[in-house]
Amino acid sequence: MPALEEFSRRRHELMTRRASAPGLEIYVGMGTCGLAAGAQAVWDAVENELRERGISARLVRTGCIGMCESEPLLDVVRPGEPRITYGGVSAEAVPEIVEKHVLGGHPVEEHLIGQITDPARPYQELPFYSKQRRLVLARTGFIDPRSIEDYLSVGGYGALLKVLTSMSPEQVIAEVTRSGLRGRGGAGFPTGRKWEATRAANGRKKYVVCNGDEGDPGAFMDRSVLEGDPHAVLEGMMIAAYAIGADEGYLYIRAEYPMAVRHVRMAIEQARESGLLGKDILGTGFSLDLHIKEGAGAFVCGEETALLASIQGERGMPRPRPPFPAQSGLWGCPTNINNVETYANVPAIITNGADWFAAVGTERSKGSKVFSLAGKVARTGLVEVPMGLTLRELIFDVGGGIKEGKRFKAVQIGGPSGGCLPESLLDTPIDYDQLTATGAIMGSGGVVVLDEDSCMVDIARFFLNFTQSESCGKCTPCREGTKRMLEILTRISEGKGEPEDLDRLERLARVVKDTSLCGLGQTAPNPVLTTLRYFRDEYLAHVVDKRCPARVCAGLREYRIDPQLCRGCLLCKRSCPSGAISGERRQPHVIDQTLCIRCGACEATCPFGAISH
Amino acid sequence: MSAVALKEQELKQRLEPILVRHGRAPSGLIPIMQDIQAEFGYLPREAVEEAARWLKIPLSKAYGVITFYAQFHLKPRGKYVLRVCLGTACHVRGGEKVLEAVSQELGIAPGDTTPDLRFTLERVACLGCCGLAPTMMVNDQTFARLNPQKVKEVLAQFAES
Ligand SMILES: Cc1cc2nc3c(=O)[nH]c(=O)nc-3n(C[C@H](O)[C@H](O)[C@H](O)COP(=O)(O)O)c2cc1C
């Protein structure tokens with residue numbers, strides 16, 4: 001097979017070249033988060049400096065390395081020296097870094113945040129990284145995602161070659177099954193079993209589909225992988241296609257992720273040019289082609305049957321299962337659908353073996369999991385930790401605890417399908433089954449940390465508002481149930497709730513959970529049920545005392561003017577849209593609570609800070 | 001030739017390459033609509049009618065699909081589409097205040113477009129940039145760590161030059 005040999009040779013050449021004495025390298029993190037923080041200006045400044053000073057260096061644009069908090073990031077690697085990372089870099093800081101470090105060899109103290117000696121375990125001295133284990137994220141931040149050469153040079157497509165030359169489809173499935181890999185899209189279904197079912201199903205044609213819809217608010221794992229390492233996802237899909245006998249596939253990616261779509265499109269083009277996609281791939285007889293479908297903005301399309309309907313050009317509405325997509329998916333053909341991160345795990349499993357993968361994790365949850373850490377945590381970002389780590393370690397060791405010395409209140413895990421867990425459950429390990437037992441779920445990896453300034457009723461209402469508006473309307477429990485639940489929650493947050501509302505809410509939540517058609521309705525009550533279970537006091541404060549302890553719910557605020565601080569300047573009186581403020585010039589003003597609409601305009605205008613709630 | 005006829009001709013001219021590129025498979029409906037919207041900024045009724053005829057599907061089916069997805073717009077939109085993120089991370093870090101500030105600066109409510117067709121304001125469930133919350137997008141560009149003051153600076157960049 002000359003095509004195969006030629007490809008292997010090219011790959012080895014690239015690997016050898018990378019391993020042998022690299023020259024001067026400069027990296028700029030140019031993922032969506034990097035760009036949002038101003039990486040383009042940094043890139044331009046570096047380019048400019050290099051040109052003006054006639055320095056020859058390899059300037060690499062990489063995806064996100066995970067430290068969102070420190071973007072924009074700039075890295076310098078001088079030949080034979082560790083990779084030095086600068087954070088919070090501005091264009092103005094670039095000349096000094098080039099002058100002193102790139103040319104002079106002396107790293108600049110200001111902006112310096114860490115160094116990488118071993119790319120397999122970056123930044124071991126930083127607490128944000130020391131408990132991480134990066135498998136899926138091993139290459140993001142190290143390679144240029146727009147270059148197949150870069151992916152090949154770090155050993156990419158080695159698993160595909162191994163599969164095509166030395167493994168039968170059955171062997172591939174057995175290996176994935178033995179690894180214990182479970183779906184990373186939320187439900188945690190064993191990946192090997194799904195592949196086996198799709199392989200066993202009868203059909204003239206089979207499909208592989210990648211779920212990149214990532215609709216959970218608070219989640220950006222899949223975005224970062226698609227942006228930062230698209231070839232790994234393609235390689236995983238190719239291996240799956242080989243295993244189940246598919247010759248066509250789709251990647252369904254949210255339209256809100258334009259860079260992810262762009263990078264995957266480039267990756268598919270490059271794979272095709274390199275002979276890794278198309279007919280008779282590398283002369284092995286295996287054929288596969290991949291296409292992109294952009295999601296059109298409907299959360300429910302992340303649900304697998306809705307997603308398939310959407311690819312077919314229809315409304316993205318779920319249908320009852322069985323039949324499962326493995327039996328009847330796209331256009332009635334057996335279809336394997338997995339999440340982005342699930343596929344990205346596959347190449348390493350094939351390359352290193354099932355035992356290597358299964359050595360990390362708990363009894364029934366193997367490997368590592370990517371989380372997007374956000375909210376009131378000190379270090380936000382993208383992290384990958386071994387299964388079995390506790391939530392406490394994730395939030396306090398990796399994430400550095402709560403911002404600005406505030407107190408931890410809850411962690412929201414699993415997005416709109418997940419739940420809010422209190423301090424007392426922080427020692428729960430990251431494990432599919434143990435998280436489910438708490439009433440939350442592992443979910444796809446969104447972790448939002450809440451502090452004492454967050455109101456749990458408000459959070460429950462926030463998620464229900466989301467699921468209610470995203471409910472597709474096909475089944476009654478979800479369409480009507482979520483609406484009624486939202487009404488009750490809104491009532492409570494406006495101070496119009498009554499104690500009986502809590503029981504009503506709970507009963508309704510159980511009905512919606514038990515009777516909805518798809519996962520959207522079956523899990524939508526989780527944020528409500530967990531907050532009712534773990535933070536009942538806060539609900540009671542709202543309905544009994546008519547008080548929002550975190551002072552978030554606008555309807556329960558009471559604005560007051562401090563007569564000691566008020567100078568009687570009349571500004572608040574003029575700004576009040578409902579005429580609730582009275583008082584004479586130079587005399588302390590007062591707010592009539594029955595007229596106040598709690599808009600906060602007075603607080604915003606008062607120059608003396610005399611108004612608070 | 002009347003102005004209306006000219007417009008019709010222009011519409012056809014811009015529409016045809018899109019239809020030809022996607023072929024006649026009914027699964028092309030959503031990608032065709034995405035491309036039409038990229039070309040015209042919204043989905044003009046005439047273009048939807050033409051596409052439905054091309055795909056040999058009822059117009060009702062085309063509208064059924066279009067109106068299901070949040071991405072599609074039946075009315076002209078602004079040159080700059082502002083999408084303020086109200087995802088979980090942005091919600092707990094003051095996304096609502098950002099939305100309010102944009103809304104006040106532009107004098108329009110979420111979902112609306114300024115009369116000069118310069119800005120459209122939308123709320124979005126999550127932009128996936130949670131580490132830098134609160135955020136918003138202006139067309140394909142993402143802006144991070146916003147507050148009402150920074151909103152003014154961002155909008156100034158896109159105001160009439
Ligand atoms: C409402 C809803 C939204 C979902 N959204 C996603 C999503 O954005 N990404 C994803 O991978 N799975 C999502 N899922 C799960 C999919 O239905 C499916 O289980 C998953 O894609 C299977 O892949 P996995 O086994 O690799 O996890 C969603 C499910 C529901 C019910």
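A: Helices (H or I, at least four residues) and strands (E, at least two) are DSSP runs, numbered from the N terminus. This is a predicted model, where local features need pLDDT of at least 70, side-chain atom pairs count only at pLDDT 80 or more, and totals for chains, interfaces and linings use all residues. Residues are numbered from 1 along each chain as its sequence is written, chains are lettered from A and ligands numbered from 1 in the order in which they are written, and side-chain values use heavy atoms, with hydrogens and water left out.

Q: Okay, how many helices and strands are there in chain B?
A: Chain B has 7 helices and 4 strands. Starting at the N terminus, the order is α-α-α-α-β-α-α-β-β-β-α. Along the principal axes, its C-alpha atoms fill a box of roughly 50 × 35 × 25 Å.

Q: What about salt bridges between chain B and chain A, how many?
A: The count between chain B and chain A is 0. A salt bridge is a side-chain nitrogen of Lys or Arg within 4 Å of a carboxyl oxygen of Asp or Glu. Over all chains, a search of the whole structure finds 48 salt bridges.

Q: Show me one! Which residue forms a salt bridge with Glu149(A)?
A: That would be Arg10(A), with the closest N and O atoms 2.9 Å apart. The pair links distant parts of the chain: Glu149(A) is in helix H6 (residues 148-153) of chain A and Arg10(A) is in helix H1 of chain A, 139 residues apart. Side chains of opposite charge can pair when their charged atoms come close.

Q: Since H1(A) came up, at what angle do H1(A) and H7(A) cross?
A: The axes of helix H1 (residues 2-19) and helix H7 (residues 158-166) of chain A cross at roughly 155° and come within 12 Å. Axes are lines fitted to C-alpha atoms, for helices over the stretch in contact, and angles run from 0 to 180 degrees between N-to-C directions. That makes H1(A) roughly antiparallel to H7(A). For the wording, angles under 35 degrees count as roughly parallel, over 145 as roughly antiparallel, 65 to 115 as roughly perpendicular and the rest as oblique.

Q: Which residues make that contact of H1(A) with H7(A)?
A: From H1(A) you have Leu4(A), Phe7(A), Ser8(A) and Arg11(A), and from H7(A) there are Gly158(A), Leu161(A) and Thr165(A). They divide into 3 nonpolar, 3 polar and 1 charged. Ala, Val, Leu, Ile, Met, Phe, Trp, Tyr, Cys and Pro count as nonpolar, Asp, Glu, Lys and Arg as charged, and the others, Gly among them, as polar.

Q: How about H18(A) and H22(A), how far apart are their axes?
A: The axes of helix H18 (residues 456-470) and helix H22 (residues 526-534) of chain A are 8 Å apart, and the helices pack at an angle of about 165°. H18(A) is therefore roughly antiparallel to H22(A). Their contact has 6 nonpolar, 1 polar and no charged residues.

Q: And H11(A) with H14(A), what's the angle there?
A: Helix H11 (residues 230-244) and helix H14 (residues 340-352) of chain A pack at about 75°, with axes 7 Å apart. So H11(A) and H14(A) are roughly perpendicular to each other. The residues of this contact divide into 11 nonpolar, 1 polar and 1 charged.

Q: New topic: which peptide bonds are cis?
A: The bond from Glu71(A) to Pro72(A) is one of them, with omega near -5°. Pro72(A) lies in the loop between strand S2 (58-62) and strand S3 (74-77) of chain A. In chain B, a cis peptide bond joins Ala133(B) and Pro134(B), and omega is about -5°.

Notes
Contact means heavy atoms within 4.5 Å.
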